[in-house]
Amino acid sequence: MEETKPFKISKQAVKIAFDRVKANKGTYGIDEQTITEFEENLKDNLYKIWNRMSSGTYFPKPVKAVAIPKKNGGTRILGIPTVEDRVAQMVTKMYFEPNVEEIFYENSYGYRPNKSAIQAVGVLRERCWRKDWVVDFDIKGLFDNIRHDYLIEMVKRHTKEQWIILYVERWLKTPFKMQDGKIVERTAGTPQGRSNKSCVGKFIYALCV
């Protein structure tokens, strides 16, 4: 029997979330705890995540800022969350994703279950024989400038689970920890990074693009 908590989150869901994070691999966050090290005390670590998330006391750690060179010059700051935060984000994705999956366009391949970049390329190869033109566009600085209040409002339209809204908002406000140790607060944008595209990136592409 589950312990009585303000938010109903399955312990099994937390375990499944860890298995998915482990399968995705990825590096460590500011605590330098690897997936292997996290797994050494797996039962207790997963219980702590479940206990905090289901009681409303879960707060993410700052994300590790890593500068990645852009193709057109300059750098992009990627945020790398800790393993426990990646697990928490995956839990949230598992509960939220079914609510927004139906609003995607058929031709949308980003961050969707059973969709991949290879499939997208395959569709493009087929269509290039039918059309002799292509449209390419990008939303400049989307991850850096998206308004938190707008995104939260969109999340509210697709879930009644207060804990999902609560934690998405906390992730959006999670500060960067720079390589020199400096903590940088954020009032807009998201902690963009491959490790946390499973959650925050999913919300942005589903609700704002």
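This is a predicted model: local features need pLDDT of at least 70, side-chain atom pairs count only at pLDDT 80 or more; totals for chains, interfaces and linings use all residues.
In what order do the four strands of the open sheet stand? Residues are numbered from 1 along each chain as its sequence is written, and side-chain values use heavy atoms, with hydrogens and water left out.

View 1. The four strands follow the order β2-β1-β3-β4, and their pairing is mixed. Strands (E, at least two residues) and helices (H or I, at least four residues) are DSSP runs numbered from the N terminus, and two strands pair if DSSP finds at least two bridges between them. Because β2 (75-80) and β4 (183-184) stand at the edges with a single partner strand each, one side of each is left without a neighbour in the sheet.

View 2. Strand β1 (residues 63-69) pairs with β2 in the antiparallel sense over six bridges, whereas β1 and strand β3 (residues 176-177) pair in the parallel sense over two bridges. K64 stands opposite I80 in β2 and also opposite K177 in β3. In the hairpin of β1 and β2, five residues lie between the strands, and G73 takes a positive phi near 100°.

**View 3. Helix α1 against helix α4.** The axes of α1 (residues 11-24) and α4 (residues 83-100) come within 8 Å and cross at roughly 115°, where axes are lines fitted to C-alpha atoms, for helices over the stretch in contact, and angles run from 0 to 180 degrees between N-to-C directions. The two helices α1 and α4 are therefore roughly perpendicular to each other, a term for angles of 65 to 115 degrees, while those under 35 count as roughly parallel, those over 145 as roughly antiparallel and the rest as oblique. Residues of α1, including F18 and V21, meet residues of α4, among them M90 and Y95, contact meaning heavy atoms within 4.5 Å.

**View 4. Helix α3 against helix α4.** The axes of helix α3 (residues 42-55) and α4 come within 10 Å and cross at roughly 55°, and α3 and α4 are therefore oblique to each other. On the α3 side the contact is made by L46, I49, R52 and M53, and on the α4 side by E84, V87, A88, V91 and T92.
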